[in-house]
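Q: I would like to learn how to read a model like this one. Could we go through it feature by feature?

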Amino acid sequence: MVEITRKQVIPGDVIVTGDYRPGMYVQRRGNDMVALRVGLAEIIRNDVKVIPLSGAYIPKVEDQVVGKVVNVTGYGWEADINSCFVGYLPGQFVFGRDFSPATHDLTTRFTVGDLMLAKIEAFDRTRDPQLSIRGPDLGKIPQGEIIKISPMKVPRLIGRKGYMINMIAELTALQIKVGQNGVIVLDGPAEGIAKAVQVIQLIEQEAHMADLTAKVQQLLGVQPGAAPAQPMGGENTGE
Amino acid sequence: MDENGIRTDGRRWDELRPLKIEVGVLKNADGSAKIEWGKNIIMAAVYGPKEMHPKHLELADRAVLKCRYHMAPFSVDERKNPAPSRREIEISKVIREALQPALFLEDYPRTAIQVYVEILQSDGGSRVAGITAAALALADAGINMRDLVVGCAVGKVDGKIVLDLNDTEDKEGSGDMPYAFMPNLNQVTLLQMDGLFTHDEFKQALELAKVGGMKVYKIQREALLQRYFSGGGPETSTTTAEMMEEA
């Protein structure tokens, strides 16, 4: 079995021929494994997958997203989650089981325009995604600067075990909330925000490049090459 | 065509007009492409998948593909009325049907995907140029696709089958056959014909369209790779693991 890493593919390209298992954005056609997206193909053991380089956000259960309330209905809130589907946060998830539209005023918690960090609780082809704010760090986002990037590049921004995003947060003294939907909220000192925006834009532009970590470290003013790709700790955690 | 077999614009029977394609030219679209093919200048833009409006037209099990082929008023010599003409409505429909087989619409239920094909300057074969650009715009928008779609036209001029008609040949010639296909799957998604072809001529024309189409596909492919992978150069595999795995 050949192993392939980061092969550049476009829709319709045959990634490999043989007995493999098609994964993300890959279709089996006879014996051929065919890419369905523009991206980088990878084969690890028997699994073939394509890491897409473009595309809109499609909700996935357990994803953390940043949503903006666009409507308050009688029973819950509708939030724009930067997707073709509207997220719905039911009142019960916020007020508890005894929630009743008669006794609880929904607008005391979220009103139109409020931001929230939420989790996709349930989503399938037939229904719009259901949101939940139960969980660590989830809930209303009181303040911060919003920037948006392509949702396909969010995993790169987060990095392995959150390495990249933690590094940026620490070196800029910011609180950073990242949604899988490509919406990022930055909170903290202004100069930190300016720096972080630069870094995030760099990551978005060069997400498919190999030496990204070094470039980010350089931009943040630390020695590049010091402890690449290790989860947290190490010499460059404090400024 | 003159006695040496040279056409009005100096090409031989099996030559394409100059072709240039660029992907990702519009900032506000989710995917876009610009194609310059002969005197054609065409922009294709894709928006979506997004919420379907009006809501009652959405489909529970797949996305609705909407296409608009439109000629700008200044795209032809005499001002064209910007209202959609009978011809534009027909071409919008055939473009939609040419693109649809390449898309996994069932991956995006209850949504709409909107494709705009805007002719800024028109020449012969604008529908196939539009399809070629629209396929790239769809790939740029990150919509799951079985294959790209390539368009190419052939026709009959002075009793001879020629590749890629220009405007004059289209108007003065005796036949015209737009053709679109998915090159890797080798499946035809558009085949129209205007004029009279004998059985043999038709076969010959179809063969020529395939050959021409593959040449177009090469350029189309290059354009897409250029957009996403230029400047990156060959990449090392060291950061593969680091890349996408998050906690």
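Predicted model: local features only at pLDDT ≥ 70, side-chain atom pairs only at ≥ 80, totals over all residues.

Q: In what order do the strands of the open five-stranded sheet in chain B lie?
A: Strands of a sheet pair through backbone hydrogen bonds, in either a parallel or an antiparallel sense. In chain B the order is S1-S2-S3-S5-S4, and the pairing is mixed. Strand S1 (19-23) and strand S4 (64-71) of chain B are the edges, each pairing on one side only. From one strand to the next the twist averages 15°.

Q: How many bridges join S1(B) to S2(B)?
A: Five bridges join S1(B) to strand S2 (residues 31-37) of chain B, and the two run antiparallel. Among the pairs, Leu19(B) has Trp37(B) in S2(B) as its bridge partner.

Q: Which strands does helix H1 of chain B touch?
A: Helix H1 (residues 86-99) of chain B packs on the sheet and touches S4 and strand S5 (111-121) of chain B. The direction of H1(B) makes about 140° with that of S4(B).

Q: Where does helix H2 of chain B lie?
A: Helix H2 (residues 126-140) of chain B lies across S1, S2, strand S3 (40-51), S4 and S5 of chain B, and runs at about 150° to S2(B). A span check can be made on this helix: at 1.5 Å a residue, the 15 residues of H2(B) should span 21 Å, and the end C-alpha atoms are 21 Å apart, which agrees. After H2(B) comes Gly142(B), with a positive phi near 75°.

Q: How many residues has the largest nonpolar core, and which element gives the most to it?
A: The largest nonpolar core has 91 residues; Ala44(B), Leu99(B) and Ala134(B) are among those with the most contacts inside it. H2(B) gives the most to this core, with 10 residues. Leaving aside neighbours within four places in sequence, the contacts of Ala134(B) include Ala44(B), Ile95(B) and Leu99(B). A second, separate core has 43 residues, including Val66(A) and Leu89(A).

Q: How is strand S6 of chain B placed, buried or exposed?
A: Eight of the eight residues of strand S6 (residues 150-157) of chain B are buried, so S6(B) is largely enclosed by the rest of the structure. Val150(B), Cys152(B), Val154(B) and Lys156(B) point one way; Gly151(B), Ala153(B), Gly155(B) and Val157(B) point the other way.

Q: What pairs with S6(B)?
A: Seven bridges join S6(B) to strand S8 (residues 175-182) of chain B, running antiparallel. In S8(B), Phe181(B) is the bridge partner of Val150(B). S6(B) also pairs with strand S7 (residues 160-163) of chain B, in the antiparallel sense over four bridges. The hairpin of S6(B) and S7(B) has two residues between the strands, and there Asp158(B) takes a positive phi near 50°.

Q: Why does Ile58(A) count as partly exposed?
A: Ile58(A) has 18 C-beta neighbours inside 10 Å, so it counts as partly exposed. Ile58(A) is found in the loop between strand S7 (47-52) and strand S8 (64-72) of chain A.

Key: Residues numbered from 1 in each chain as written. Chains lettered and ligands numbered in written order. Pairing = 2+ DSSP bridges. Axes fitted to C-alpha atoms, helices over the stretch in contact; angles between N-to-C directions. Contact = placed C-beta atoms within 7 Å. Core = buried A, V, L, I, M, F, W, Y, C linked by C-beta atoms within 7 Å. Buried ≥ 20, exposed ≤ 12 C-beta atoms within 10 Å, placed from the backbone. Expected span 1.5 Å × (residues − 1).
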